[in-house]
Amino acid sequence: MKSLFSELKILFIPCSENDFRPHFLKSKFLLYYIIGLVVSSIFAAVFLVSFPKSVFFAEVAKNALITLTNQERSDLGLAPLKENMKLNEVALGKAKDMLANNYFAHSSPTGVTPWYWFRNAGYHYQAAGENLAVGFIDSEEVVDAWIDSPSHRANLLNPGFQEIGIAVLTGELNGQETTLVVQSFGSPAETVSSVAGSLSKEVKVEEPVIITTERKVAETDTRVAAAAQFITTDYFGIAHKILFYSIILIGFALILNIFIHIKVQDTALILRSIVFLILLAGLMVLMDKETVLQIVPHNFKI
C-alpha cells in the first residue's frame with residue numbers, strides 16, 4: 001500500500017522525489033495520449049461524413065434504423081417490429097421507382113400510390129404505412145427527425161404495426177447524388193388483433209423526400225460492417241466520455257501541481273497542461289455528433 005501511494009505521489013503530486021514536476025503532467029505518454037485522441041477524433045468525423053459513399057453503408061444504415069426504431073417503441077412499451085423480407089421488397093421497389101422517375105413523394109407523378117408497392121411485392125396487409133427520408137448521413141439523424149414529425153412519428157410508434165422493411169439507396173435525384181431511405185410498415189392480413197383491427201388499411205403519411213443509388217455487394221464482410229456501425233452509432237458517445245474524464249483527470253493533476261507547493265512552480269509544465277485542457281475541451285465540442293452533422297453540408301429532408 002505504501003509503495004502504491006508513493007507511485008501515485010510521484011505521478012500526481014509535486015514533491016522532491018519528482019523535482020516538483022508530477023510525472024503524469026510531464027510524461028510523454030500524456031502527449032501521445034492527447035495526439036491519439038486528436039487523430040482518432042478526426043478519423044471518426046471524416047469517417048462519419050464519407051461513410052455514406054461506402055458499399056457497407058446501406059446494410060449498416062438499414063440495421064441501425066430498425067434498431068433505433070424499435071428502441072423508440074420500446075421506450076413507450078410497444079412491441080418491437082420484426083423485419084419482413086417482403087416489406088424490404090416493398091421499400092426497395094418504391095425507392096427504385098423514385099430514382100427512376102426523379103420524384104420524392106408518397107405518390108408518383110403518374111399517381112402510383114404507396115400501396116401499389118405492397119401489392120406488387122405480394123404483401124397482403126391489414127394496415128400499412130410508409131416513411132421517407134433523403135440526403136442523410138447518419139441513422140440517428142433520420143429517426144430523430146421522424147420522431148419530431150407528427151405524421152412520421154405516428155407511423156413509427158403505431159401499435160397496430162407488427163413488421164417493418166427498409167431500403168437504403170444511393171443515387172441521383174434532381175441532378176444531385178444523395179442517399180434515400182424508404183421505411184415500410186405493415187400488419188399482415190392473416191393476423192387480426194384488437195389493436196390492429198381498428199386501423200384503416202392504408203395509413204396516410206406526410207409527403208417525404210428521397211434520393212438514392214442502389215449498390216449491391218456480393219458478400220458483405222460482417223466484421224467490417226460491425227466496425228462501421230460501431231463508429232457511426234457508438235463511437236461518438238464513448239469518445240465524449242473519454243474526453244470528459246480526461247479533462248477531469250488532467251485538471252485535477254494541474255490543480256494539485258499549482259496549489260500543493262504554490263511557491264514552486266514550473267511555468268512550462270503548467271502552460272503545457274492548460275494547452276492540453278483547451279485542446280480536449282475543443283475536441284469535446286467538435287466530437288458531439290450533432291455538431292458534426294450541423295457543420296457538414298447535406299440536404300437532409302423527410
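The structure is a predicted model, in which local features need pLDDT of at least 70 and side-chain atom pairs count only at pLDDT 80 or more, whereas totals for chains, interfaces and linings use all residues. Residues are numbered from 1 along each chain as its sequence is written, and side-chain values use heavy atoms, with hydrogens and water left out.

The chain contains eleven helices and four strands, where helices (H or I, at least four residues) and strands (E, at least two) are DSSP runs numbered from the N terminus. Of its 302 residues, 45% count as buried, a term that stands for under 20% relative accessible area, with exposed meaning over 50% and partly exposed the range in between (1.4 Å probe, protein chains only). Among the contacts in the chain with a separation of 6 or more, 80% are accounted for by residues 24 or more positions apart, a contact being heavy atoms within 4.5 Å.

The four strands form an open sheet with the order 1-3-4-2 and mixed pairing, two strands being paired if DSSP finds at least two bridges between them. Strand 1 and strand 2 (125-134) stand at the edges with a single partner strand each, so one side of each is left without a neighbour in the sheet. Strand 1 (residues 82-83) pairs with strand 3 in the parallel sense over two bridges, and Lys-82 has Glu-163 of strand 3 as its bridge partner. On the other pairing of strand 3, eleven bridges join it in the antiparallel sense to strand 4 (residues 176-188); here Glu-163 stands opposite Gly-186, Val-168 has Val-181 as its bridge partner, and Glu-172 stands opposite Glu-177. The hairpin of strand 3 and strand 4 has two residues between the strands, and Asn-174 takes a positive phi near 50° in it. Strand 2 is paired with strand 4 in the antiparallel sense over nine bridges, with Leu-180 of strand 4 as the bridge partner of Val-134.

Burial was then examined in strands 3 and 4. Ten of the eleven residues of strand 3 (residues 163-173) are buried, so this strand is largely enclosed by the rest of the structure, and strand 4 is likewise mostly covered, with eleven of its 13 residues buried. Thr-170, which lies in strand 3, is buried with a relative accessible area of 9%, and its side chain is joined to that of Thr-179 by a polar contact of 3.4 Å. A polar contact is a pair of N or O atoms within 3.5 Å; within protein, one must be able to donate a hydrogen and the other to accept it, and residues adjacent in sequence count only if both atoms are side-chain atoms.

The largest nonpolar core has 23 residues, of which Phe-24, Leu-25, Leu-30, Leu-243, Ile-250 and Met-287 touch the most other members. Such a core is a set of buried Ala, Val, Leu, Ile, Met, Phe, Trp, Tyr and Cys residues joined through side-chain atoms within 4.5 Å. Helix 2 (23-26), helix 3 (28-50), helix 9 (222-259) and helix 10 (267-286) each supply at least two residues of this core, and the largest share, eight residues, comes from helix 9. Leu-243 touches Leu-37, Leu-280, Leu-283, Met-284 and Met-287, when residues up to four places away in sequence are not counted. A second, separate core of 20 residues includes Ile-147, Leu-156, Phe-161 and Ile-166.

An unreviewed UniProt entry places the feature "transmembrane region" at residues 30-51, 242-262 and 269-287; UniProt positions are given in the numbering used here, feature names are shortened, and annotations may be inferred rather than shown by experiment. In the model, residues 242-262 are 86% helix and 0% strand, with end C-alpha atoms 30 Å apart, while residues 269-287 are 95% helix and 0% strand, with end C-alpha atoms 26 Å apart.

Helix 5 (residues 85-101) has 17 residues, which at 1.5 Å a residue should span 24 Å, and its end C-alpha atoms are 24 Å apart, which agrees; the expected span is 1.5 Å times one less than the number of residues. At the start of helix 5, a side-chain oxygen of Asn-84 reaches to within 2.8 Å of the backbone nitrogen of Lys-86. The buried residues of helix 5 include Leu-87, Val-90, Lys-94, Asp-97 and Met-98, and the helix is followed by Asn-102, whose phi is positive, near 55°.
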